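Please consult the sequence and the structure shown below while reading.

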Amino acid sequence: MHIQIIKLTSMGDLIHALPALTDARNHYPDIRFDWVIDESFYEVATWHPSVQRVIKSAHRRWKRSWSKFFRSGEARQFYDDLNQQPVDFVLDAQSNLKSALITRLCRQERRGLDRHSIRESLAHFAYQKHFFVDKNQHAIQRQRELFAKALGYSLPETPPDYGINLPPMEQPSKLPTQPYLFFVHNASWTTKLWPNEFWQALIQQAHQRGFEIVLPSGNQEEFERAQLLADSNPTTHVLPRLSLTETAHWIRHAKGAICADTGLCHLAAALSVPSVSLYGPTDTALIGATGKFQVHMTDNRFSCRPCYRRQCHHQAPPSEEAACMRSITPDSVWQTFLTLLHESQQLDIQSINEEQV
């Protein structure tokens, strides 16, 4: 079986789709996927062994200059790439207007969510076969159910298996000499950010327990924030801008992670790195990091959350800092993390002993 899937962005959403690919491979061992994905995140598609071909979209770049997109020949090349190989059908796993438009460009049979399940209702007109999937469940479960219905197998009851197979790389250069923790301080919304002084307090507590700290950076603003946090402690390391695969290797080598609500927290979960993720304006029941040794920290005393707002309206005037994020204290995060780390180490020891028996 050969399926072309449309799943463009963002990083967390892309990682949420990986267990569905594993389910499909378990049912159809010879299945092959072509994955249409945004060029900024294409590496995610390469991590799954059932993905045969990656077709890069650049809709964000194209949107800035549609005329250049058509004049340069990129439009024709993209259309040809979409229809280069015959497939059994095309499945829109993104289910919004952007992905539906790309799906509509495909000449093969098109499948996707029905109008009761899809988040942008007009998108369902792009599909020839439709499937109902309840909106009020975690994104991973929605993806697994959509794939099961579209491909015709029973939805597995097993825990999600991301099936990630990172390409071999040399051990990250300048790896800290001591065990290190990976702190994901950045996020795409300001209301998802945790205060800098809280990160600095956490770094001090980690240092006192013998851990070094690694901080990722992406754009210039994130790099400057990471440098500011690193200035508080000499055992804190700021990574340069890396590829997603290089970053994944750094996360995989970490003893644990503490994360804001962003794509890298889902990557840590997918790699089974013990992690505490901090949530404010978003709903953990729908998009929370899922995997072994994962804890979500929220403050449910705020009746307004999850609000999904990019400005906090808890108090007037609205603020870019979320009150529900500031209410999560460094001490509570650190104690939660230590408990999680101890539990994960005990389970690992138990697993080793059971294997030896």
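## Basis of the description

A residue is called buried when its relative accessible area is under 20%, exposed when that area is over 50%, and partly exposed in between (1.4 Å probe, protein chains only). Helices (H or I, at least four residues) and strands (E, at least two) are DSSP runs, numbered from the N terminus.

The model is predicted: local features need pLDDT of at least 70 and side-chain atom pairs count only at pLDDT 80 or more, while totals for chains, interfaces and linings use all residues. Residues are numbered from 1 along each chain as its sequence is written, and side-chain values use heavy atoms, with hydrogens and water left out.

## The parallel sheet

An open sheet is formed by 6 strands in the order β3-β2-β1-β4-β5-β6, with parallel pairing. Two strands count as paired if DSSP finds at least two bridges between them. At the edges lie β3 (51-57) and β6 (129-131), each of which pairs on one side only. Neighbouring strands of the sheet are turned against each other by 20° on average, direction ignored; the axes are lines fitted to C-alpha atoms, for helices over the stretch in contact, and angles run from 0 to 180 degrees between N-to-C directions. Strands of a sheet pair through backbone hydrogen bonds, either parallel or antiparallel.

Strand β2 (residues 32-38) is joined to β3 by 6 bridges, the two running parallel, and D34 stands opposite R53 in β3. On the β1 side, 5 bridges join β1 to β2, again in parallel; here the bridge partner of I3 is F33 in β2. Of the 7 residues of β2, 6 are buried, so this strand is largely enclosed by the rest of the structure.

## Strand β4 and its neighbours

How many bridges link β1 and β4? The two strands pair in the parallel sense over 4 bridges, and I5 faces L91 in β4 as its opposite residue. Strand β4 is also joined to β5 by 2 bridges, with the two strands running parallel. In that pairing, L91 has R111 of β5 as its bridge partner.

Both faces of β4 are covered: F89 and L91 are buried on one side, and V90 and D92 are buried on the other. In a regular strand the side chains alternate between the two faces of the sheet.

## Helices on the sheet

Helix α5 (residues 74-82) lies across β1 (2-6), β2 and β3, and runs at about 155° to β3. Helix α6 (residues 97-104) packs on the sheet and touches β1, β2, β3, β4 (89-92) and β5 (110-113). The direction of α6 makes about 170° with that of β4. Contact here means heavy atoms within 4.5 Å.

## The second largest pocket

The second largest pocket holds about 380 Å³ of space. On a 1 Å grid over the protein atoms alone, a pocket is an open set of points where a 1.4 Å probe fits, with protein on both sides within 12 Å along at least five of seven lines; lining residues have an atom within 4 Å of a point. Grid points are joined across faces, edges and corners, and a volume is the space filled by probe spheres set on the points.

The lining consists of 14 residues, of which H59, W62, W66, L101 and I102 are the closest to the centre of the pocket. Two or more residues each come from α3 (59-64), α4 (66-71), α5 and α6, and α3 gives the most, with 4 residues. By class, the lining divides into 10 nonpolar, 1 polar and 3 charged residues. Ala, Val, Leu, Ile, Met, Phe, Trp, Tyr, Cys and Pro count as nonpolar, Asp, Glu, Lys and Arg as charged, and the others, Gly among them, as polar.

## Backbone exceptions

Most residues other than glycine have a negative phi, and most peptide bonds are trans. S272, which is not a glycine, has a positive phi of about 60°. S272 is in the loop between α11 (263-270) and β11 (275-278) and is partly exposed, with a relative accessible area of 31%. F293 likewise has a positive phi, near 60°; F293 is in the loop between α12 (284-287) and β12 and is buried, with a relative accessible area of 15%.

The peptide bond from R305 to P306 is cis, with omega near 5°, and P306 is in the loop between β12 (294-297) and α13 (323-326). A cis peptide bond also joins A316 and P317, with omega about -5°. P317 is likewise placed in the loop between β12 and α13.
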